[in-house]
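Here are a few notes to read with the model open beside you. Take them one at a time and find each spot as you go.

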Amino acid sequence: MHDIRTIRDNPAAFDAALSRRGIAPVSSQILALDEARRAKILAAETAQAEANKAAKEVGAAKGRGDDAEFERLRALVAEKKSEIAALTEKAKAEDAALTDLLLGIPNLPDASIPDGVDEADNVEIRRHGSPRNFTFDPVEHYDIPAIRPGMDFETAAKLAGSRFVLLSGAVARLHRALSQFMLDVHVEEHGLTETITPVLVREEMMYGTGQLPKFGEDSYQTTNGWWLIPTAEVTLTNIVNGLTVEESYLPRRYVAHTLCFRSEAGSAGRDTSGMLRQHQFEKVEMVSVTKPEDSAAEHEAMTKRAEAILEKLELPYRTVVLCAGDMGAGATRTHDIEVWLPGQNAYREISSVSVCGDYQARRMNARYKPAEGGKPQFVHTLNGSGLAVGRTLIAVVENGQQADGSVDLPAALHPYLRGKTRINADGQLV
């Protein structure tokens, strides 16, 4: 959510920041609701003071035998009580309308990020490695002979419909090895706290991280009201939901490997071949909770943690900062890491690392107590993929494909595969 006091103090700056996302001015609507709500609250407080004064005078009127004044005052008290109730209800309704409006407004983009409307306006900030020079025409992951036996889309479609895959044999084992490798690096080298979380959450948790109310169509809800998480960002970030922690508690750095579920609403026709865009997939997610002054440095450190996975897997990548128009609703600054996929002859997103400032913390009411005392402050939250397991598998096999149809696997994975180093053209780990 947004700080209403900041909007009151500088509505033009608020609208200007949102305009970078292509959103029309909304401060006047916000302030009109806020003013109406505050006017009702003030009127109710005034009526309450009048009722209290009249109530004190009722006894005095009765004591001196002034029946007419007694009845007038008693009627006034009853009238004020009714007026207070009506004003309170109207204030509650306007407060709810204001909250609903604020909940649907995305985070304000950081002043440091570029202007723009889509991915064409994103700015590359660094690049690592060079795409391999193939002596043959590389193909996409699902057309590699070594991979075809273990990547079954037809059976998955029979079981669940489109945008699912059934992995088996060497491919399934590679997928498992990748997730274990990522977790080990993040825990043992990066110092993150490994966490196992639910994949079903209450609705308020989806509100807390900003998936609701605006993006409900992108996720799945069960018939009894739970939501399937689109990412472990939801569960990991909401660990601090409703908490006021000591400053010494921060920073908190979590990592979790979970199933993720997305409806992919609005993505018809995009990446429909293969397993690049699925309704169900696995991801190793990182979340950090910090003090406000530490979040910028943490954002860069978190980006480096995701990049380290790709470097250990010997995969070429580039890192871009997203423009204001291409950034997710909850972020104030986002780095996308794009891995090279030779089958597509393109860099494709494999991790999105975002700093959300206090946007999610306000929605969750997550604060910390400064060590030197004073009023509790909102924490800052950050999240990022470290990495998307399926997309990493795609990158590994496409970059490792050989002319004979086999796939050479990165050395970092060999210990996780009991010393096996490749998948031969028949789909066997050898």
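**Notes on a helix pair and a loop residue**

1. Right-handed is how α6 and α11 cross. Keep in mind as you look that this is a predicted model.

2. Now for the geometry. α6 covers residues 169-189 and α11 covers residues 389-400, and the two pack at an angle of about 115 degrees. Their axes are 10 Å apart. Angles of 65 to 115 degrees count as roughly perpendicular, so that is the label α6 and α11 get relative to each other.

3. Which residues of α6 and α11 make the contact? On the α6 side, look for Val171, Leu174, His175, Leu178, Ser179 and Met182. On the α11 side, pick out Val389, Gly390, Thr392, Leu393, Val396 and Val397. Sorted by class, the contact has eight nonpolar residues, four polar ones and no charged ones.

4. Next, hop over to Gln211, which sits in the loop between α7 (203-209) and β6 (220-221). Is Gln211 buried or exposed? Its relative accessibility is 13%, and buried means under 20%, so Gln211 counts as buried.

5. Who are its partners? If you skip the neighbours within four places in sequence, Gln211 is in contact with Met206, Gly216, Pro230, Glu233 and Val234. There is also a polar contact of 2.5 Å between the side chains of Gln211 and Thr209.

6. One last thing to check on screen: Gln211 and Gly104 are 107 residues apart in sequence, and from C-alpha to C-alpha they are 9.8 Å apart in space.

Note on methods
Residues numbered from 1 in each chain as written. Predicted model: local features only at pLDDT ≥ 70, side-chain atom pairs only at ≥ 80, totals over all residues. Heavy atoms only, no water. Axes fitted to C-alpha atoms, helices over the stretch in contact; angles between N-to-C directions. Helix = DSSP H or I, 4+ residues; strand = E, 2+ residues; numbered from the N terminus. Parallel < 35°, antiparallel > 145°, perpendicular 65-115°, else oblique. Left-handed = near helix turned anticlockwise from the far one by under 90°. Contact = heavy atoms within 4.5 Å. Nonpolar A, V, L, I, M, F, W, Y, C, P; charged D, E, K, R; others polar. Buried < 20%, exposed > 50% of the residue type's maximum accessible area, 1.4 Å probe, protein only. Polar contact = N/O pair within 3.5 Å; in protein donor to acceptor, adjacent residues only side chain to side chain.
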